[in-house]
Amino acid sequence: QAYSIRYAAFLTQYRYAMEYIALMENDPGMHTMLNETVPELGLQKDRYKALKFRFLNVITGIEFARLDALYRLRAKGAPSALAVGIEEDSRAIWKKGSGEGPKATANNAVKIAQDTGFNVFFPVQKEVSEWMGDVKILRVKRSLINKDQIEEIKSLLQPGDILLERREWYLSNVGLPGYWPHAALYIGTPQERTAYFKDSSIAERYAEHDGNFDAYLKQRFAKAYQNSLLPQEYGRTPRVIEAISEGVSFTTVEHSVSADSVVILRPRLSKADIALAIERAFHYSGRPYDFNFDFLTDSSLVCTELVYKAYEPKQDYAGLTFPLQEIVGRKVSTANDMAQMFDEQYGKSNQQLDFIAFYDGHEWQNRAIKSNLKTFRESWKRSKWFIWVQKNP
């Protein structure tokens, strides 16, 4: 009986692991998603890969054959209910073994080889990407948006606003699609959030904190909240959260919009929905930058992925639906896609964002000008080499 129980337990694991893997392999993206770290669930990196290595393995197949032979030769007196389960699971595994089982095992061996190659390539990719993001070949340490414009931008922003930004002369622009390469999320200061979210619509969600959104953030994301208060350059308070090469970071407005072109877009959402987006952004704080540019993973993020996932719709949350496109085999939503989406939805029933302001950089006039809605709507069509053909304002 003890042997029968041991064998039944082995069969249960083996059969259902194989069936689970067969289901997951129908979607190539699951291999990426199920291998990421999910700290809040206690899942370590590459758990799915480990599962596949354990069960799509010739040694495990041989172990099954050995245990099955012993069971049929020697095991007697298995409880009837257990014997039925053993027979059913055993037949299912033999059937897989004569069909897709060996093929899956071979495919898994190929996948392991590919993953090993990726692990060798990835650090090189990361170092090159970081270097390109830091190297500016002209007009070093100077942006076209000036200090007065930054102050004006600060006066226009409110929590939940989305910033699209462009900086000329950075090597990283070469590898990023479209005119707009960067996105950030404005979260404001604690004082701004307290004033903005003093609204009955969020009282129920944050009832345990007397409807105080910031009190909730402070308790729920204690470490992130403390980081969001740390003074930065010149003692300035962070008001933006964005994914940069250092990871998902709290930054100042002065740091974030020290750029050449910037647009402010405001979601057409309730304050309750905007509060949830900021809450999600705090959840991602501190995660590394995703140099593999893969939206399927949450363990690391790129700039637009942070905005995308902060506003991603759920069953009880309206959110924003941003477009996805496939680039080098990966589903992504770029900052330029977001600008294009705004243009295509503008004036229609499905419009999700409002235009607040656009500061358009003009390289050869050495300044940025406050431009208009029409010009911004056309901006996503610009090439990354737009400065060479840009007309005088």
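**Confidence first**

I started with the confidence of this predicted model: the protein chain averages a pLDDT of 86, and 89% of the residues score at least 70. Then I went through the elements. Helix 6 (residues 100-134) has the lowest mean pLDDT, 58, while strand 5 (residues 261-267) has the highest, 98. I'm keeping that in mind for helix 6.

**Whole chain**

I counted secondary structure next and got 16 helices and nine strands. Of the 393 residues, 46% count as buried. I also looked at contacts with a separation of 6 or more: 70% of them join residues 24 or more positions apart. The accessible surface comes to about 20400 Å², and carbon and sulfur atoms hold 56% of that.

**Cores**

Which residues touch the most other members of the largest nonpolar core? I found Ile-162, Leu-164, Trp-180, Phe-282, Tyr-311 and Phe-322, in a core of 57 residues. Helix 13 (residues 271-284) gives the most to this core, namely eight residues. Apart from it I found another core, with 17 residues, including Tyr-186, Val-257, Val-262 and Ala-368.

**Helix 14**

I wanted to know how many residues of helix 14 (residues 303-310) are buried. Eight of the eight are, so the helix is largely enclosed by the rest of the structure. I noted that the buried list runs through Cys-303, Thr-304, Glu-305, Leu-306, Val-307, Tyr-308, Lys-309 and Ala-310. Glu-305 and Lys-309 are on that list too. As for what surrounds them, the buried residues of helix 14 pack against strand 1 (162-166), strand 2 (182-186), strand 3 (240-244) and strand 4 (247-251), plus helix 13 and helix 15 (335-345).

**Ser-228**

I picked one residue to look at in detail. Ser-228 sits in helix 11 (residues 222-229). Is Ser-228 buried or exposed? Its relative accessibility is 4%, and the cut-off for buried is under 20%, so Ser-228 counts as buried. Leaving out residues up to four places away in sequence, I see Ser-228 touching Pro-238, Phe-250 and Phe-282. Phe-282 also turned up above, among the residues that touch the most other members of the largest core. A polar atom of the Ser-228 side chain lies 2.6 Å from the backbone oxygen of Tyr-225. I also checked Val-240, which is twelve residues from Ser-228 in sequence and 9.0 Å away in space, C-alpha to C-alpha.

**Aromatic pairs**

My count of aromatic pairs came to 26. I looked at Phe-10 and Tyr-14 to begin with: the ring centres are 5.6 Å apart and the planes meet at 50°, so this pair is tilted. Both residues lie in helix 1 (residues 2-24), four residues apart, about one turn of the helix. Phe-10 and Tyr-14 are both buried.

Then I took Phe-358 and Phe-376, an edge-to-face pair with 5.7 Å centre to centre and 65° between the planes. This pair links distant parts of the chain, with Phe-358 in strand 8 (residues 353-362) and Phe-376 in helix 16 (residues 373-379), 18 residues apart. Phe-358 is buried, at a relative accessible area of 0%, and Phe-376 is buried with 0% relative accessibility.

Last entry: ring pairs link Tyr-196, Phe-197, Tyr-206, Phe-213, Tyr-216, Phe-221, Tyr-225, Phe-250 and Phe-282 into a cluster.

How values were computed. Residues numbered from 1 in each chain as written. Predicted model: local features only at pLDDT ≥ 70, side-chain atom pairs only at ≥ 80, totals over all residues. Heavy atoms only, no water. Core = buried A, V, L, I, M, F, W, Y, C linked by side-chain atoms within 4.5 Å. Buried < 20%, exposed > 50% of the residue type's maximum accessible area, 1.4 Å probe, protein only. Helix = DSSP H or I, 4+ residues; strand = E, 2+ residues; numbered from the N terminus. Contact = heavy atoms within 4.5 Å. Areas by Shrake-Rupley, 256 points an atom, 1.4 Å probe, with all protein chains shown as cover. pLDDT = per-residue confidence, 0-100. Polar contact = N/O pair within 3.5 Å; in protein donor to acceptor, adjacent residues only side chain to side chain. Phe/Tyr/Trp six-rings, centres within 6.5 Å; stacked < 30°, edge-to-face > 60°.
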